[in-house]
Amino acid sequence: MNRLNLSRRSLLKQSALAAASIPFLRHLRAQTFGSSANEIMKGKYVPTWDSLKQWRMPEWFRDAKFGIWAHWTAQCVPEQGDWYARNMYIQGNPQYEFHCKTYGHPSRVGFKEIDHLWKAERWQPEQLMDLYVAAGAKYFYALGCHHDNLDCFDSSHNHWNTTRVGPMKDIVGTWEKIVRQRGLRFGISNHSSHAWHWLQPAYGYDPEGPMAGLRYDAYTLAKADGKGQWWDGLDPQELYTGRNIVMPDGLKTIAEANAWHEGGDGKWHEEAPPVNPEFTRKWFLRCKEMVDKYKPDMLYFDDTELPLGQAGLDVVAHYYNANLHWRNEEAIVAAKEYTPEHLGASMLDIERGRAQGILEAPWQTDTCIGDWHYRRSLFEEHTYKRPSTVAQMLIDIVSKNGNLMLNIPVRGDGSIDEDEHEFLRDLGGWMSVNGEAIYGTRPFAVFGEGPPDVVGAHNFNEQHARPYTAEDIRFTRKGNQIYAFALGWPRDGILRVKTLAKGSSVYPQPIHGVEMLGHAGPLVFEQTADALEVRLPARDPESLDAYSFRILT
């Protein structure tokens, strides 16, 4: 995950297919055609923007509303948060300092060693999935490959994958089987299109200090160097992607190096690497194999629009056509910041942000209760997002025609911490009471009331969102049933909903009753010319600060 200039962000099925899948793969190979050099499945879609815009959002996603994501890679092992595989190679960064102190200098101990340390020895995916289901999730995302370029699945096209390195398990395949058993929809996130530039600091060096000028491990290591080592037979250049944008010799200060990174490998490149076409070719093959093996309901790309030019169009057309055979065109692709002329080719995803109003096309927020990769200090300081905050966010997002995908960070050993257990339990309790007003709903005529909470519909605007109060009202509908939400508890115990005032142009029907979800019996109310006024019962001090009401007409 992450966006903006990299240097500006400090936060920024087991091995072989089942026999039943083999006939399908033979059919797939027999019905492909070439797009550029890439073979894709023949069908309704061809790899152009105009063709992809035939896609329509499946109703299952609009009904689901809430999913959970395990954004889990070897970068969780140090428990230092996001972008460790990059920042450990940038002198002056706290993660560089931590790495030198804990593991050694990156000229000797590079990120491939962290991959090796990732054992997932306490991973209990069945128990975790049961927690996610109890918390209300209707879909689940597994991380397929991050910018660190280690595939978390049984990959034929990348020898650096978790069946050969680290956990020695097909993580994506394990998740997929468990998700299907529980009746959820399954998605895979793919961030690897950025590995070719994001991981280039591994070829750099310290500009200052006693190790100044000594190149880091990626610059010097070759396949032959692994003889007799744990990585015998693996080529480090396949992991680190090769010398694409290498920091030049002669930089003498950390400031100079940071400036170079910001203008070079630190740019958020979406184009294919100009000097490394093999990277793009293998990226396509890796992604296509992931689609064909695990048949996901959703793909997520951590990209502005689609990744790597034509290769991204090829993969999406292949996925849409293949999904027609699996599930009768129920596929979703999520990506970010579409230009107007490309809107509709897939779903808009907003990272750590949400829309200011109702968007015509369904969309998704992806966010996290902490860092994307596990950061121990957030647990020790008890500073995760609160369940109330996430419940409020979910309500706001759903009222504006969106879904919420929430990452619960996983430790390197595969466990989650005590605060995360408590978070999931509390959110699940809230969802069991209020889910009626969330699942299967559609936007009302207006999303709600209250001052603007965010600006635009852009990545990262949640960091500028103001706290909600009892003046913040949101609405959903399910057929003719209207639901109202209060994102705070009024001090005087009277909930005022201006949109539902007597004679309102938005909803002129008279109100015949108001019920609070989780509370037995009707509530006393009055519909005046100014507002629908509802006298609330005594507040449950254990409840989350987000309240749902059934409006009876």
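Predicted model: local features only at pLDDT ≥ 70, side-chain atom pairs only at ≥ 80, totals over all residues.
1. Largest cavity. The volume of the largest cavity comes to about 70 Å³. Its lining is made up of 13 residues. Ile90, Gln91, Pro207, Ala257 and His261 are the lining residues that lie nearest the centre of the cavity. By class, the lining holds nine nonpolar and four polar residues, and no charged ones.

2. Two cysteines, Cys145 and Cys368, are taken up in the next two points.

3. Cys145. The closest cysteine sulfur to that of Cys145 belongs to Cys152 and lies 6.5 Å away, so the pair is too far apart for a bond. Cys145 has a relative accessibility of 1% and therefore counts as buried.

4. Cys368. No disulfide includes Cys368; here the nearest cysteine sulfur is that of Cys76, at 9.6 Å. Cys368 has a relative accessible area of 0%, so this residue is buried.

5. Ala120. Although Ala120 is a residue other than glycine, its phi is positive, near 50 degrees. Ala120 sits in the loop that runs between α6 (111-117) and α7 (125-134).

6. Asn328. A positive phi, of about 55 degrees, is also found at Asn328, which is not a glycine. The residue belongs to the loop between α14 (310-327) and β7 (332-336). Asn328 has a relative accessible area of 63% and is therefore exposed, the limit for that class being over 50%.

7. Ser504. Ser504 is placed in the loop between β14 (494-497) and β15 (513-516). With a relative accessible area of 12%, Ser504 falls under the 20% limit and so counts as buried. What does the side chain of Ser504 reach? It reaches the backbone nitrogen of Val506, at 3.1 Å.

Technical notes. Residues numbered from 1 in each chain as written. Heavy atoms only, no water. 1 Å grid on protein atoms, 1.4 Å probe; cavity = no way out; pocket = protein on both sides within 12 Å on 5 of 7 lines; lining within 4 Å. Points joined across faces, edges and corners; volume = space filled by probe spheres on them. Nonpolar A, V, L, I, M, F, W, Y, C, P; charged D, E, K, R; others polar. Helix = DSSP H or I, 4+ residues; strand = E, 2+ residues; numbered from the N terminus. Buried < 20%, exposed > 50% of the residue type's maximum accessible area, 1.4 Å probe, protein only. Polar contact = N/O pair within 3.5 Å; in protein donor to acceptor, adjacent residues only side chain to side chain. Disulfide = S-S within 2.5 Å.
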